Amino acid sequence: MKLQLALDLVNIPEALALVEEVEAYIDIVEIGTPVVINEGLHAVKAIKDRFPGLQVLADLKVMDAGGYEVMKASEAGADIITVLGVSDDSTISGAVAEAKKQGKLIMVDMINVPDIEQRAREIDALGVDYICVHAGYDHQAAGKNSFAELKAIKRVVTQAKTAVAGGIKLDTIKEVIAAQPDLVIVGGGITGVDDKPGVAAQMQRLVRGA
């Protein structure tokens, strides 16, 4: 099980400073969609250049032109690129094909997918690397969590790894870990606390079963 830090509401200098604090305790750095919108793929390159030992995920939430978007993110240094589960199969297949060519990974974000179990079965057959259940900001405000969806996906997926994101904090991460995803994605649960290294270290220990 791996731990991913999601960076959403920061600029490039703030992102670099945050990762500097917790680098020793995380496996993957996510350049979130708001950062990509504000800073472009320069943010991906800046993090990868400074922290070459970490995997960098570009949360592009690709909905069209899958191959092209993956190619451009790969050029910027992204190791993992996200595609939306509600996008067309051809978009996902194009993203997977380009990722394989570039030696990169594809994560499918299942946000707003109506039939999680059926779509996960279909997406798994397309050869993606991760399928992620995601309670977005608006979902979290409505009190939604992703555990039931994660269990549904784990019932049907045979090839892809699973990931879970959305509102995970130190006091809820044990419940997440009990559902046994391959990847736990934490944003504000680390970036929004005073002792970022301390909390990240505790989360790492729990994720790794130490």
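**Chat about a predicted barrel**

Trainee: Ser74 first. Buried or exposed?

Mentor: Ser74 is buried, with a relative accessible area of 8%. Buried means under 20% relative accessible area, exposed means over 50%, and partly exposed lies in between (1.4 Å probe, protein chains only).

Trainee: What kind of model is this?

Mentor: This is a predicted model, where local features need pLDDT of at least 70 and side-chain atom pairs count only at pLDDT 80 or more, while totals for chains, interfaces and linings use all residues. Residues are numbered from 1 along each chain as its sequence is written, and side-chain values use heavy atoms, with hydrogens and water left out.

Trainee: Back to Ser74. Where is it found, and what is it in contact with?

Mentor: Ser74 is found in helix 4. Helices (H or I, at least four residues) and strands (E, at least two) are DSSP runs, numbered from the N terminus. Setting aside neighbours within four places in sequence, Ser74 is in contact with Ile81, Gln102 and Lys104. Contact means heavy atoms within 4.5 Å.

Trainee: How many helices and strands does the protein chain have?

Mentor: The protein chain has 11 helices and eight strands.

Trainee: What do the eight strands form?

Mentor: A closed barrel, running 1-2-3-4-5-6-7-8 with parallel pairing. Neighbouring strands of this sheet are turned by 25 degrees against each other on average, direction ignored. Strands pair if DSSP finds at least two bridges between them.

Trainee: How many bridges join strand 5 to strand 6?

Mentor: Three bridges join strand 5 (residues 105-109) to strand 6 (residues 130-134). Met107 has Tyr130 of strand 6 as its bridge partner.

Trainee: Now helix 5. Which strands does it lie across?

Mentor: Helix 5 (residues 89-102) lies across strand 3, strand 4 and strand 5, at about 155 degrees to strand 5. Axes are lines fitted to C-alpha atoms, for helices over the stretch in contact, and angles run from 0 to 180 degrees between N-to-C directions.

Trainee: Which residues of helix 5 are buried?

Mentor: Thr91, Ile92, Ala95, Val96, Glu98 and Ala99. The buried residues pack against strand 3, helix 4, strand 4, strand 5 and helix 6. An α-helix has 3.6 residues a turn, so residues three or four places apart point the same way.

Trainee: What follows helix 5?

Mentor: Gly103, whose phi is positive, near 70 degrees.

Trainee: Which residues other than glycine have a positive phi?

Mentor: Lys61 has one of about 50 degrees, and Gln180 has one near 60 degrees. Most residues other than glycine have a negative phi. Lys61 lies in strand 3 and is partly exposed, at 22% relative accessible area. Gln180 is in the loop between helix 9 and strand 8. With 54% relative accessibility, Gln180 counts as exposed.

Trainee: Changing topic. How many residues has the largest nonpolar core?

Mentor: It has 64 residues, and those with the most contacts inside it are Ile31, Ile47, Ile106, Met110 and Val128. Helix 1 (residues 12-22) gives the most to this core, with six residues. Apart from it lies another core, of 11 residues, including Ala6 and Leu57. A nonpolar core is a set of buried Ala, Val, Leu, Ile, Met, Phe, Trp, Tyr and Cys residues joined through side-chain atoms within 4.5 Å.

Trainee: What share of the protein chain counts as buried?

Mentor: Of its 210 residues, 53% count as buried.
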